[in-house]
Amino acid sequence: MAWKVGAAIAGLLGLVGVAAGTGGGADPRRAGWRESYRPPAEIPFPGENPYSAAKAELGRRLFFDPILSGDGSRACATCHVPDLAWGDGRARAATRMQGDMDLRTPTLINVAWQDGPMGWDGKFKTLEAVAAMPLTSPTNMNLPMADALARLSADSSYAAAFAAAFDEPAITRDRLEAALATFQRLIVTGTTAFDRWIAGDEAAIAEPAKRGFDLFNGRADCASCHSGWSFTDNSFHDIGVGTGGDIGRGRFKPTSVALRYAFKTPTLREVAQRGPYMHDGSAATLEAVIDLYDRGGIDRPSRSRAIKPLHLSAAERADLLAFLATLSSGGSRDLTTASFAATAPAP
Ligand code: HEC
Ligand code: HEC
């Protein structure tokens, strides 16, 4: 009985706290912050490459088809694995010879909302422009573009699929790129506990995660870069990661010291499932990532002014981790479900 009364009072206090916006130690700015994480209504497609179901289906087939590698051994999905949150779980991507590339495979979740340059260092202008690089690179899929187009043209089912997706039957580089990009724009995060909380379900996430959210947006200021629904400003910063071997790397052809070691802010969607972390896979776990931010990374002229030692308490670290854990959908990792495809605007 005593327990029941206690629970009832706690429940009541919780309710009062929410109504007043100040109870339970919640940051008074929390309600405003929550507003900035509301999900968008639909997937954005560029005017030059509008959505069509036929194009997306063709893109899906191409993405998973090893026909696009010289020896038939790899596809885009070899490294962007749906079950691994569209990454590959490795510190650095594997070359065809099973060596390590310089960079870790980034997730493709929510690429449709990346309106700036693509790649860790921004070397690609658009999503469409990415595909040719892995496809033709001798250490990766190793298939010259002319050979890729010839192979697809010789396959009657591909010829029919391209004809259905585009007005004319010719299989060109532009169309190959357009179809792959259209499919990738359907790779959208699933609904998470965090999203249910943003939508108003107070019970969707626990108190430690809510405190972690306050810290993320408040004192730790993570949200100055990991901003909005997709947790990225689509920009490039040096957070103090990257070793001497990386010198000169960072923003593609850096024009100033400030752009050295500047890598793209990754989305934090499904982040708990996506280790190891950073462009070079140098942080093995989320705990290691928090340690890094707590130290403030490597102090050097290019480091962002938003990065400084945080001196987090053990409880604050735990709160941040609890918050990050709410960004995973937990269910199927194939996020391009029919429901997302259905939200795409009609052609
Ligand atoms: C060997 C593994 C591997 C394969 C195969 C591969 N990728 Fe990637 N992908 C990577 C790596 C590593 C990067 C980072 C490259 C960079 O930043 O320069 C990347 C980056 C990308 C990006 C940029 C994402 C972002 O957030 O900026 C896109 C889009 C992409 N790949 C799509 C594709 C497509 C389409 C294919 C098939 C044609 C493909 N990838 C094949 C490893 C791979
Ligand atoms: C100055 C901008 C900035 C701030 C502030 C910032 N981040 Fe980041 N974050 C980045 C960038 C850029 C990267 C990628 C760096 C790299 O790969 O070298 C990153 C990477 C990460 C990653 C790894 C994601 C992945 O897929 O590899 C996590 C997790 C993360 N940040 C969490 C946080 C948390 C938690 C905070 C607050 C304590 C924070 N970030 C503050 C810009 C920022």
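Helix H3 crosses helix H6 in a left-handed sense (the near helix is turned anticlockwise from the far one by less than a right angle; helices are DSSP runs of H or I of at least four residues, numbered from the N terminus). In this predicted model, local features need pLDDT of at least 70 and side-chain atom pairs count only at pLDDT 80 or more, whereas totals for chains, interfaces and linings use all residues. Residues are numbered from 1 along each chain, ligands are numbered from 1 in the order in which they are written, and side-chain values use heavy atoms, without hydrogens or water.

H3 (residues 53-64) and H6 (residues 156-165) pack at about 145°, with axes 8 Å apart (axes are fitted to C-alpha atoms over the stretch in contact, and angles run from 0 to 180 degrees between N-to-C directions). Ala54, Lys55, Leu58, Arg61 and Leu62 of H3 are in contact with H6 residues Ser157, Tyr158, Ala161, Phe162, Ala164 and Ala165 (heavy atoms within 4.5 Å).

Helix H7 (residues 173-184) is largely enclosed by the rest of the structure, because 10 of its 12 residues are buried (under 20% relative accessible area, 1.4 Å probe, protein chains only). Among these buried residues are Arg175, Glu177 and Phe183. The buried residues of H7 pack against H3, H4, H5 (145-153) and H6.

His80 lies in the loop between H3 and H4 (132-136).

Terms used: Helices (H or I, at least four residues) and strands (E, at least two) are DSSP runs, numbered from the N terminus. Buried means under 20% relative accessible area, exposed over 50%, partly exposed in between (1.4 Å probe, protein chains only).
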